[in-house]
Amino acid sequence: MAPIAEATATTVAPPAEGQQEGRGLAGVISRIDRVLGQAESGVILVSYATLIVIVGVETLRRALIGAQEVWGPEIALYAFVWLSWFSMAKHGRYGTHLSFSELRQRLPKNGQRALELIDCALWVAIGVIIIVTSWGVVENQIKMGQTVFGTPIPLAVASLAVPVGWAFSMVRILQRAAMVLFAWDRLKAERGGFLNL
């Protein structure tokens with residue numbers, strides 16, 4: 001099993017020998033990767049900070065004065081949803097999510113690549129279903145004017161975490177599939193820093 005690596009430990013391997021980051025397709029892919037990584041890290045940081053502050057403050061308020069805001073648990077829940085889906089996108093890109101990889105690692109290179117591509121195809125199929133289904137929920141929330149309980153925040157803003165997070169994940173999965181096809185050695189080198197049991 002390959003455990004989830006810390007988000008801060010995820011780095012992009014330097015370009016292969018003979019490739020310069022600023023030129024050609026490799027440079028474009030590296031820049032896109034950097035922008036996507038920064039967006040993911042930003043959403044993860046804001047979501048995590050929101051979660052920590054709300055849970056911490058509301059726990060103290062409950063313990064000290066026996067009261068809590070009605071919106072506290074709702075906002076914390078939706079912050080966790082945003083955190084979860086964007087963390088999934090980050091780990092989907094690097095293949096550092098939980099997985100059973102012992103058998104896969106013993107296969108020849110072409111077998112490993114074939115299984116990686118099957119993984120990517122399955123992720124994309126599931127992602128399309130989830131994005132379409134969850135987008136319908138968001139549209140209904142907009143039409144009905146629903147808000148997060150106890151706040152003026154539209155519920156659709158909170159629920160957008162699912163289609164947006166999965167869309168981000170699909171971009172990262174397609175990026176990984178492209179690397180399986182065209183930059184297998186770089187993908188393997190990026191994973192070299194992660195613990196595989």
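User: Which residues of H4 are called buried, and what makes a residue buried?

Analyst: In this predicted model, the buried residues of H4 are Gln-112, Arg-113, Glu-116, Cys-120, Gly-127, Ser-134, Val-138 and Gln-141. The word applies to a relative accessible area under 20%. Over the whole chain of 197 residues, 35% count as buried.

User: How do you know what span to expect for H4?

Analyst: Helix H4 covers residues 109–144, which is 36 residues. The expected span is 1.5 Å times one less than the number of residues, and for H4 this comes to 52 Å. From first C-alpha to last, the helix reaches 52 Å, close to that expectation. Just after H4, Gly-145 has a positive phi of about 65 degrees.

User: Why is Arg-172 called buried?

Analyst: The relative accessible area of Arg-172 is 1%, and the cut-off for buried is under 20%; Arg-172 is therefore buried. Arg-172 sits in helix H6. Leaving out residues up to four places away in sequence, Arg-172 touches Asp-33, Leu-36, Gly-37, Glu-40, Ala-89 and Arg-93.

User: Why are H2 and H6 called roughly parallel?

Analyst: H2 (residues 72–94) and H6 (residues 161–182) pack at about 5 degrees, and their axes lie 8 Å apart. Angles under 35 degrees count as roughly parallel, so the two helices get that description.

User: Which residues of H2 and H6 meet, and what kinds of residue are they?

Analyst: From H2 the contact takes in Val-81, Trp-82, Trp-85, Phe-86, Met-88, Ala-89, Gly-92 and Arg-93. The H6 side includes Ala-161, Val-164, Trp-166, Phe-168, Arg-172 and Met-179. Of the residues in this contact, 13 are nonpolar, four polar and three charged.

User: What makes up the chain as a whole?

Analyst: The chain has seven helices and zero strands, and its pattern along the sequence reads α-α-α-α-α-α-α. Among contacts with a separation of 6 or more, 77% join residues 24 or more positions apart.

User: How confident is the predictor in this chain, and where is the pLDDT below 50?

Analyst: The average pLDDT is 81, and 80% of the residues score at least 70. Over residues 1–21 the pLDDT is below 50, although this stretch has 43 contacts in the model beyond near neighbours in sequence. Where pLDDT is low, predicted coordinates should not be read in detail.

How values were computed
Residues numbered from 1 in each chain as written. Predicted model: local features only at pLDDT ≥ 70, side-chain atom pairs only at ≥ 80, totals over all residues. Heavy atoms only, no water. Axes fitted to C-alpha atoms, helices over the stretch in contact; angles between N-to-C directions. Helix = DSSP H or I, 4+ residues; strand = E, 2+ residues; numbered from the N terminus. Parallel < 35°, antiparallel > 145°, perpendicular 65-115°, else oblique. Contact = heavy atoms within 4.5 Å. Nonpolar A, V, L, I, M, F, W, Y, C, P; charged D, E, K, R; others polar. Buried < 20%, exposed > 50% of the residue type's maximum accessible area, 1.4 Å probe, protein only. pLDDT = per-residue confidence, 0-100.
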